[in-house]
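Student: I would like a close look at one chain of this model. Please take me through how that chain is built and how it meets its partner.

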Amino acid sequence: MTAPLEYYIILSIMLFCIGIWGVLKSRNAIVIFMAIELMLNAVNLSLVAFASHIKRILSDLIQRMPAERIAELIESSTASGQVYVILVMTVAAAEAAVGLAIIISIHRMKDSVNVDDVNIMKW
Amino acid sequence: MIAFFALASMAVFGAVMVVTRKSPVASAAYLILVMCSLAGLFALLGAVFLAAFQIIVYAGAIMVLFLFVIMLLNLRKDEYGFDSRVVQKYLGFTFAALIMIQSLFIVGWAVLDNSLNTKSSVSADSTPPLDAGPQEEYLSAETVAETLFGKFAYPFEVTSVLLLAAILGAVVIARRKGVADQEESE
């Protein structure tokens, strides 16, 4: 017996909000980045959960469909949801690479990774 | 169900630890725990390909990048956890908790609404209720690949351009200023 969709959504919300907490609380730029990764992962979890429960989400639509098209629709919808997750992961990887490069650059310039020290964009 | 609760509690515990640890290395280690438990949850949902992808890309590549940067920066102990201002600490927690309560309320509302709706529609139509459970079968890597390279071929190509831009940007940003000048003078 697998867990229902609601449980996955609630877990996703919890992880996302812990990520928000981390971004707001910490002053260390690296920890802020890790919290952002956590938020991206929470969204990925909700995407996969919705994709796997697509039969229930589309139940109204499916009832008016010929039986042979239902399996096809469900499979393609589930695969689409998972492909979204792959794209999100790619964007997360690109974001981590650029962000960590910025952190290294800031550390070289200011000798600190405290985000309070980085105020050069302030007028 | 038991597997879900075990993995979910592991993920939440790891996430709280990521946020509360002082040392960034400990945070990164706990983040790996979160990634692995999320991979387990993906496998539970039937997305075995994504579970493997999650471990390889996140727990493997991205976390190694994080640890590499932490070690490269070689932070001193006093630079680990900067004491955030007390106001900021509590305000951040309150804000996150408020958002969480709000989203949970919305989900709870939707769940209640939905269960009432399905009950009424089933009794009205008297159609046999559709099997509402999740699919038992898992999606093969073949189907995911066919979708990625068929329906999503254009976004896939755009993603490759994004990665190229990220690589170039990372190299340009992280390059030491005046490396070329030093090499010339030497």
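Tutor: Let us take chain B. Chain B has 7 helices and 0 strands. Read along the sequence, its pattern is α-α-α-α-α-α-α. Keep in mind that this is a predicted model.

Start with the inside of the chain. Chain B has 186 residues, and 25% of them count as buried.

Next, the partner. The contact between the two chains takes 67 residues from chain A and 70 residues from chain B. Which helices of chain B each supply at least two residues of the side that touches chain A? They are helix 1 (2-20), helix 2 (24-44), helix 3 (48-73), helix 4 (86-125), helix 5 (141-149) and helix 6 (153-174). Sort that side of chain B by class, and you get 55 nonpolar, 12 polar and 3 charged residues.

Now the confidence. For the complex, the predictor gives a pTM of 0.85 and an ipTM of 0.88. Chain B has a mean pLDDT of 81. In chain B, 77% of the residues reach 70 or more. One stretch needs care. Over residues 120-135 of chain B, pLDDT stays under 50. The model has 13 contacts beyond four places in sequence for residues 120-135. Where pLDDT is low, predicted coordinates should not be read in detail. So treat that stretch with caution, because low pLDDT rules out a detailed reading.

Note on methods. Residues numbered from 1 in each chain as written. Chains lettered and ligands numbered in written order. Predicted model: local features only at pLDDT ≥ 70, side-chain atom pairs only at ≥ 80, totals over all residues. Contact = placed C-beta atoms within 7 Å. Helix = DSSP H or I, 4+ residues; strand = E, 2+ residues; numbered from the N terminus. Nonpolar A, V, L, I, M, F, W, Y, C, P; charged D, E, K, R; others polar. Buried ≥ 20, exposed ≤ 12 C-beta atoms within 10 Å, placed from the backbone. pLDDT = per-residue confidence, 0-100.
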